[in-house]
Amino acid sequence: MTAKETKLKGCFILEPTVFEDERGYFFESYNQNKFNELVGQEVNFVQDNQSFSTKGVIRALHYQLGEYAQAKLVRVLQGKVLDIAVDLRKNSPTFKEYVAVELSEDNKKQLFIPRGFAHGFVVLSDTASFFYKCDNFYNKAAEGGIIYNDQELNIDWKLSSYKLIVSDKDKVLPSFENAEI
């Protein structure tokens with residue numbers, strides 16, 4: 001497995017070593033020792049989540065506040081998504097900046113998003129199964145979010161706005177300027 005740090009410090013794209021033959025393929029998707037060495041910190045994942053969505057579904061931009069902040073290791077099991085991580089760390093030189101990474105069953109890439117980031121994705125294929133590990137348990141009272149089409153962030157979701165499917169909950173998230181961070 002290799003890791004490449006994105007322009008956002010602490011946020012890494014991980015690519016596994018894939019062994020292929022006439023039977024198919026094999027790869028190690030997670031090894032705690034190797035992972036911690038690659039990202040340069042000790043991360044102890046405690047919760048796994050999985051979602052299934054259809055083309056155009058946006059699940060964004062979410063985060064957990066305070067002591068409930070979560071680091072995430074995300075990947076696509078089936079399909080293709082555009083994954084987004086937004087730096088919410090006020091003292092960071094990349095505060096308010098984001099990275100966009102295409103994750104798919106074909107490229108097998110993963111994205112490590114440290115604590116202090118908002119996260120979201122849009123499904124680019126007909127369907128997608130999305131999987132992620134979290135280093136802290138979800139807490140409903142600590143939910144935070146930013147509207148996906150925030151003018152200040154100006155994220156290019158790669159699909160026309162009329163093709164996007166957004167939950168009622170996500171449609172009323174605040175702008176970056178008004179979000180609790």
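**Close-up 1. The side chain of D170 and the backbone of A60.** In this predicted model, a polar atom of the D170 side chain lies 3.3 Å from the backbone nitrogen of A60. D170 belongs to helix α2, residues 168–171 (helices being DSSP runs of H or I with at least four residues, and strands runs of E with at least two, numbered from the N terminus).

**Close-up 2. The aromatic pair of F95 and F176.** Rings of Phe, Tyr and Trp (its six-membered ring) pair if their centres lie within 6.5 Å, and planes under 30 degrees apart count as stacked, over 60 as edge-to-face and the rest as tilted; this rule gives eight aromatic pairs. F95 and F176 are edge-to-face, at 5.6 Å between centres and 65° between planes. Because F95 lies in the loop between β8 (80–87) and β9 (98–104) and F176 in the segment after α2, the pair ties together parts 81 residues apart in sequence. F95 is partly exposed at 24% relative accessibility, whereas F176 is buried at 4%.

**Close-up 3. The stacked rings of F121 and F130.** The ring centres are 3.9 Å apart and the planes stand at 20°, so F121 and F130 are stacked; both residues are buried.

Residues are numbered from 1 along each chain as its sequence is written. Local features need pLDDT of at least 70 and side-chain atom pairs count only at pLDDT 80 or more, while totals for chains, interfaces and linings use all residues, and side-chain values use heavy atoms, leaving out hydrogens and water.

Note on methods
Polar contact = N/O pair within 3.5 Å; in protein donor to acceptor, adjacent residues only side chain to side chain. Buried < 20%, exposed > 50% of the residue type's maximum accessible area, 1.4 Å probe, protein only.
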